[in-house]
Amino acid sequence: MEQIGFIGLGIMGSGMASRLLKAGYPVKVYNRTLSRAAPLQNMDAHVAATPAEAARASDVVISMVADDAASRSVWLGENGILSSIKPGAVALECSTLSPKWIRELAQAAKERGCEFLDAPVTGSKSQATAGELQFLIGGHAAAVERIRPVLSVMSRNVIHLGDNGSGALLKLINNYLCGVQVASLAEALAAIEHSGLNRERALEMLNKGAPGSPLINALSARMVSRSYDVNFVLHLMEKDLTYAISEARNHGVQFETGRAALKLFELARARGWGEQDFSAVVEALR
């Protein structure tokens, strides 16, 4: 089986790497905070000291990190992936990043002789653990087919969208729509609570009516119970909205509702909710 190098063991990455290990793939993992690798080491993962060590001799190298800066560091920094990756390997960047950076990274990987795919995912913690993610992929179709068995271990669906950057763009649009919905839900819930409406009856009607969606149903329950165990970190939604607004501008589109949502997420982070689940955005209005 292919040797896998996996860099980034946060909420999503740890679940994805564990799926690969359970499927029998030999996996070398790296995380900046080494303690996060301990559960995977117990599953027979090899823990690397640097991204370069994780990538060396690997057939497929996967990155799942927070933002453009973190991605640049693990790929191009000192002891980065591209300093050791072997020609012919397939490089996957699964993080939610800007298309501009993705295109730069794709060129750097090409110069190293690698196939590069931007392959962000939809889903959160539970889907990563269960292997139910959806991959949105930009890059050569042949490379996607080559590693489809690896992807299938972690996913319920793989969508190839076109050239490098197309997966990154659709992921930003996806998260833009999610962020706007959740900000609107927070405002609606605040209006219900401040006005004295019966909250349970009001939410039952909204969740079962036209505004209802799986996202609204799940997050309204978290907001009511004030249970903010992380499925998706609030400050990462703030980052994704920032990237999405910037990228839309490059195409002549102004994400005005996104700007309004971003302000609410910025306020919630400023008030200390940045490391909680993004449903905690409602606390900025309470």
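Predicted model: local features only at pLDDT ≥ 70, side-chain atom pairs only at ≥ 80, totals over all residues.

Guide: Let us start with a definition: helices and strands are DSSP runs, numbered from the N terminus, where a helix has at least four residues and a strand at least two.

Visitor: What can be said about the backbone of R226, and what is its phi?

Guide: Phi of R226 is near 55 degrees, which is a positive value in a residue other than glycine. A further case is N79, with phi near 60 degrees, again positive and again in a residue other than glycine.

Visitor: Where does N79 lie, and is N79 buried, partly exposed or exposed?

Guide: N79 belongs to the loop between α4 (68-76) and β5 (90-93). For accessibility, the cut-offs are under 20% for buried and over 50% for exposed, with partly exposed in between. The relative accessibility of N79 is 40%, so N79 counts as partly exposed.

Visitor: Which category applies to S155?

Guide: S155 has a relative accessibility of 12% and therefore counts as buried. This residue lies in strand β9, which covers residues 155-162.

Visitor: Which backbone oxygen does the side chain of S155 reach, and with which residues is S155 in contact beyond its neighbours within four places in sequence?

Guide: The side chain of S155 reaches the backbone oxygen of L151 at 2.8 Å. Leaving aside neighbours within four places in sequence, S155 is in contact with G131, E132, L133 and F135.

Visitor: Let us turn to the whole protein. How many helices and strands does the protein have, and why is the protein described as compact?

Guide: The protein has 13 helices and nine strands. Its radius of gyration is 20 Å, close to the 19 Å that the globule rule gives for 286 residues, so the protein is as compact as a globular protein of that length. Along the principal axes, the C-alpha atoms fill a box of roughly 65 × 45 × 30 Å.

Visitor: What share of the residues is buried, and what share of the contacts joins residues at least 24 apart?

Guide: Of the 286 residues, 51% count as buried. Among contacts between residues at least 6 apart in sequence, 67% join residues at least 24 apart.

Visitor: How many positive and negative side chains does the protein have?

Guide: There are 29 positive and 28 negative side chains, and the centres of the two sets lie 2 Å apart. As for the accessible surface, the protein has about 12700 Å², of which 52% belongs to carbon and sulfur atoms.

Key: Residues numbered from 1 in each chain as written. Heavy atoms only, no water. Rg over C-alpha atoms; globule rule 2.2 N^0.38 Å. Buried < 20%, exposed > 50% of the residue type's maximum accessible area, 1.4 Å probe, protein only. Contact = heavy atoms within 4.5 Å. Areas by Shrake-Rupley, 256 points an atom, 1.4 Å probe, with all protein chains shown as cover. Lys, Arg positive; Asp, Glu negative; His and termini not counted. Charge placed at Lys NZ, Arg CZ, Asp CG, Glu CD. Polar contact = N/O pair within 3.5 Å; in protein donor to acceptor, adjacent residues only side chain to side chain.
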